[in-house]
Amino acid sequence: LAYVLRYPELGLKSLGPKLTGTEMITYPQLMKLAAAAGGKGEKKPTHDFRVALERIPERAIEYAVTDAVATARIARVLVEEIAGEPKLRRHYRTIEKPLVPLLLDMEETGVAVDGDALRTLGATLDRELEANREKLVELGFKGNPNAPNDVVQYLREAGARLRRLTKKGAPSSDEGQLLEIAGVAKWEDIPHGEGEGSTPLSAFCFYELYHRQVTRLKSTYVEGLLRAMDEGGRVHTQYNQLPATGRLSSSGPNLQNQPRPESALSSPIRNAFVARPGMVLLKGDWSQIEYRLLAHYTADPFLLDVFRRGLDIHIAAAELLGITRQLAKTANYALIFGADAMKVAESVGVPRDEAEAFARSFNEKIPGIRVHREQIISQLHDKGYVETPIGWRGYFPLYFSPLHQEAQKALREAINC
């Protein structure tokens, strides 16, 4: 209820004092009191509620009772408040509330993972990292590829121009710096080995970025999933129903962000998710759902005509704007979520002036999306929130931040609602 009503802080310790005036202490505060009551040399853990019950029973009981009473009082306040919001009440009853037991069941059931396949892949990635490390050594790199200072030192000695800086003003060794040195938009396109245009410096950029890609696969996905598996070989993620944008997310681990099966190294990770015997995993996806919703809400003539005729929106946009489908698809999604020309240029891999020309053409020939975006900006500016047709409200206070990057990020999240 507090989430649907868009309270900025949803914790019991935040809502209790605000809505009921109840004075509450936090769990860490209670544990500190329990630790202090243990005396010197006491080695019992102070994160266990049973320790608090043993050492400071009156405070522990008061803590538990206060939580229970505050929960009941908060519920009454929120029920009364949502009664005066018909749209939000309907949204809560028909969408959010029925979703709770479903997500709980999904979390408790978990997802089956083939641990042996992941361990085999981990060994393969170790060999790949070792072979890649030898290539870096052949190029004269004697440092640690995971150490930014070592990478920057090598680049300097190789005569590279280091124009990108960290927040502290030091030369950066991030992916953007290496891509700029190599003169390409994607690390896979960096000349290396016996390829045309390959130089020691470009080869170093390629192998350094490849090292990072493989390291990320191993640490984040292979080792991360193995750590998260229970004794039965299942991973129990947490499905977060309360994100700022209203979209369901996953954490601990994030199962919605698995690597694309674009290579022999990343494909086994997705293949490691398996179904129980006699069952299958079914993957479904809405076809160009963002554009279908935009066609409905903006009533843009071009978008409506495309979907009424059963056409592919990206092919239609490519023909309208005189570019390739892949270029149109990448730029289309960047533009509908409020990306500027620089971001479009980085996403598509074209010069900024070309991206600016594309953006102008896009807005002129598909004006409904620009109008929709302007309406969102106006609503944010006037009300401080965005309201969807089903009554859900998204508050984005950082839209008013004096920092341009924070404000633009908030705007993209608002459009994403």
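Start by selecting Phe 206: at 10% relative accessibility, it counts as buried (under 20% relative accessible area is buried, over 50% exposed, in between partly exposed, with a 1.4 Å probe and protein chains only). Before going on, note that this is a predicted model, where local features need pLDDT of at least 70, side-chain atom pairs count only at pLDDT 80 or more, and totals for chains, interfaces and linings use all residues. Residues are numbered from 1 along each chain as its sequence is written, and side-chain values use heavy atoms, with hydrogens and water left out.

Trp 187 sits in the loop between α8 and α9, and Phe 206 in helix α9, 19 residues apart (helices are DSSP runs of H or I, at least four residues; strands are runs of E, at least two; both are numbered from the N terminus). Bring in Tyr 207 and Tyr 210 to complete the aromatic cluster.

Next, pick Ile 190. Beyond four places in sequence, its contacts (heavy atoms within 4.5 Å) are Leu 179, Ala 182, Val 184, Ser 202, Cys 205, Phe 206 and Leu 209. Which residues touch the most other members of the largest nonpolar core? Ile 190 and Leu 155 do, in a core of 40 residues (buried Ala, Val, Leu, Ile, Met, Phe, Trp, Tyr and Cys joined through side-chain atoms within 4.5 Å). Colour α6, α7, α8 and α9 to see the elements giving two or more residues; α9 gives the most, with 13.

Over to α13, residues 313–321, where the buried residues include Ile 313, His 314 and Leu 321. Their cover includes α11, α12, α14 and α16. At the start of α13, a side-chain oxygen of Asp 312 reaches to within 2.7 Å of the backbone nitrogen of His 314. After the helix comes Gly 322, with a positive phi near 75°.

Finish with salt bridges (a Lys or Arg side-chain nitrogen within 4 Å of an Asp or Glu carboxyl oxygen). Select Arg 163 and Glu 180, at 2.8 Å, N to O; Arg 163 is exposed at 55%, Glu 180 partly exposed at 33%. Then show Arg 309 with Asp 305, at 2.9 Å.

Note on methods:
Phe/Tyr/Trp six-rings, centres within 6.5 Å; stacked < 30°, edge-to-face > 60°. Polar contact = N/O pair within 3.5 Å; in protein donor to acceptor, adjacent residues only side chain to side chain.
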